[in-house]
Amino acid sequence: MQSNRSLGKVILNTLVVFIIAITFSCDQKESNTNSQDIGHFDSKGKAPSEFTIAKWEDLKNKMPFKDERDFEEQKKGFIASPEYTEIMADAGHVAWSMGKYSFLLEDKEYQSIHPSLQRQAVLNMNYGLYEVIPGIYQVRGFDLANITFVKGKTGWIVFDPLTAEETARAALELINKHLGERPVVAVVYSHSHGDHWGGVRGVVDEKDVISGKVKIIAPTGFMEHAISENIYAGNAMNRRMFMQYGVLLPADPYGHVDQAIGKGVAAGNLGLIAPNVTITEHIQEMTVDGVKMIFQDTPDTEAPCEINTYFPDLKAFWAAENITATIHNIYTLRGAMVRDALNWSKNINEALYLFGQDAEVMFASHSWPRWGNERIQEVMKDQRDTYAHLNNGVLHLVNQGVTINEIHNEYEVPQSLQDSWAVRSYHGDIGNNSRGVVNRYLGHWDGNPANLIPLSPYESSALFVEMMGGAKPIIKKGQELYNKGEYLYAIEILNKLAYGEPDNNEGKELLADCYEQMGYQQESTSLRNAFLSGAFELRNGIPAGATVKTGGPDLVKAMETGLWLDFLGIRMVSEKAAGMEFKINLITPDNGEKYLIELSNSTLNNIEGFQDQKADLTVTINRSDLDLVMMGVKTLDDMIADGTAKTEGDRSVIDKLKSTMIHFDLRFEILPGTVPVGDQQFNRNPFQQDMPAVIGAE
Ligand SMILES: [Zn+2]
């Protein structure tokens, strides 16, 4: 049976889906003669093929490389870099390394990187302190996001204090060193994603926020969204981060080169201090430390809650993460609710007409600023139009019968937008964003009854492999297609073989080679990383040491009790709960909350504000103590034993409830036959294993 301690850890794991930081023990740099001559980090790694190189050369000639304005803008206002290229975490490991990407500054062209992506990866090598305009500064290259400092009358107003306390603290030290020591008087969280608030404890002391000395300003719904977006499917999202963020790939021309909106996510202490000022109006004006700001609330855009800010006296527009130097995710590969491209576009359009007519500088939480009204309007219009066209162009085709399974083959971005660097799809991917739009409006079904009850890929593939005459002809044909550079066709049949015969190593290695070439050819970091990670996992499995750096106690404290109870319902094994029926009253006196928890029909329910006088058990525990259970620091049993929690009624129902819970493990198998040795419980092939999911019962 699962202890409450591990139960708490699981909750923590799910909190940090965006804050992945892998500490993994296997040495990726070992090489053999195969890979040494090309310098590949993986002993089975291959160089770009002649077909990949031909594509690379074609793109070099076709794309608008003559337009070099981004390079001027990216370096404009540079003040200083720090002497160090690594930032250490308080825990002793490296929280952040810019140095490991230095290969991008060697003025070399890598044919294992899409030329447009290499361009973006070089642009994202900004590192240090920059002046946006006198009075507005950014530290870039200290984390995935930028941290922005606005000079008030008496101190700094910080916009978006990064992911980690350590990187945010280092950024504050850097600016104070070069521009003079000033206190932080306010913080603005532009939106609910962790790379925009996790480092807040590096720039302010919580007691100053509680006393009101320091303002923390955030959009409506911030706390709820900061926590809730990643809980229910958190373990799966964490696992999929390995794909989208290339977590297992080293920084290398053959591996991880960029993350479109920065290099990656810092691996330090993640904290959260609740805001004490909420933006409630659609357009709201506020003066903070003598700086006049107009907030534009832009819900359901890049995040469920997000605010842009205009500084009218400075003619400066802060675009939060609504406008960066890439088209963003409408559908994000790690998994998230599909975003609303049309609403996003409309919010950019509103900003264009509210602020974009006068603004002389536009800056954001990622990438680099744009100067001059003409340039700002150009970028805003291109971004507005790309999101709107994605929505409209996709639905235009959908209304003529194009399905979710074909839209990525049909949908095209207008040529004039393809020629604009500001709207290339480095973070999002055009194909998957277009499928996301279809999914948003029509869901996953394409309307064809053949796809209403699809066979599992294992069942389907076994049939295909048999029909195709077994592994031999599939590998032969796969090799033929690979030799001709027809990678998607090769993947089509080799993937069938991988599912049909998960132990066929020859097939898997050829499939990995195909994924690798596809990875080299992608402009989107999400796709590059997913293909290269697929190749890595097929070749090496999932390293046994791969774990996730969890979030901190701040996140558990901020989590609503009801959300935690919902997640217990997700962790429940229905079969184990069959026949159980009970009710528990949960009272948390310190926050005045009451919940009624009810198990019936193998389903765990909870309702806030209700109690049942005939409940089997009543548990009274302060929420501040329950936090410790949720964090895995203490068990509920410990709390009952030492009197911290009081119970009345039948205590055995707690044991019953615990007996139904399982532990989600991060390392579940995505690609067939990649289960780490000794970790057979993670094998998802139903022909070998009864339990279909990710179960590591302790
Ligand atoms: Zn961000």
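Start with Arg201: what is its relative accessibility, and does that count as buried or partly exposed?

A: The model is predicted. Arg201 has a relative accessibility of 27%, so it counts as partly exposed.

Now take the partner. Arg201 and Asp554 meet through their side chains in a salt bridge, at 2.5 Å from N to O. Asp554 sits in helix H20, residues 553-558. Arg201 sits in the loop between strand E8 (184-188) and helix H7 (206-210). The two parts are 353 residues apart in sequence, so this pair ties them together. Asp554 has a relative accessible area of 11%, which means that it is buried.

Arg440 forms a salt bridge with Asp340, with 3.5 Å between the closest N and O atoms. Arg440 belongs to helix H14 (residues 430-442). Asp340 lies in the loop between strand E14 (316-318) and helix H10 (341-354). Here the pair ties together parts 100 residues apart in sequence. Arg440 is partly exposed at 39% relative accessibility. Asp340 is buried at 17%.

Salt bridges can also share partners. One network built that way joins Asp67, Arg69, Asp70, Glu73, Arg119, Arg370, Arg375 and Glu378.

Next comes a pair within one helix. Arg169 and Glu165 form a salt bridge, and their closest N and O atoms are 3.5 Å apart. Both belong to helix H6, residues 165-179. They are 4 residues apart there, so about one helical turn separates them. Arg169 is partly exposed, with a relative accessible area of 29%. Glu165 is buried at 18%.

The pairs above belong to a total of 34 salt bridges in the structure.

What about covalent links between cysteines? A disulfide is a covalent bond between the sulfur atoms of two cysteines. The search of the whole structure finds 0 of them. Two cysteines can still be placed by accessibility. Cys305 is buried, at 2% relative accessible area. Cys514 is buried too, at 0%.

Back to the starting point.

Note on methods:
Residues numbered from 1 in each chain as written. Predicted model: local features only at pLDDT ≥ 70, side-chain atom pairs only at ≥ 80, totals over all residues. Heavy atoms only, no water. Disulfide = S-S within 2.5 Å. Buried < 20%, exposed > 50% of the residue type's maximum accessible area, 1.4 Å probe, protein only. Salt bridge = Lys/Arg side-chain N within 4 Å of Asp/Glu carboxyl O.
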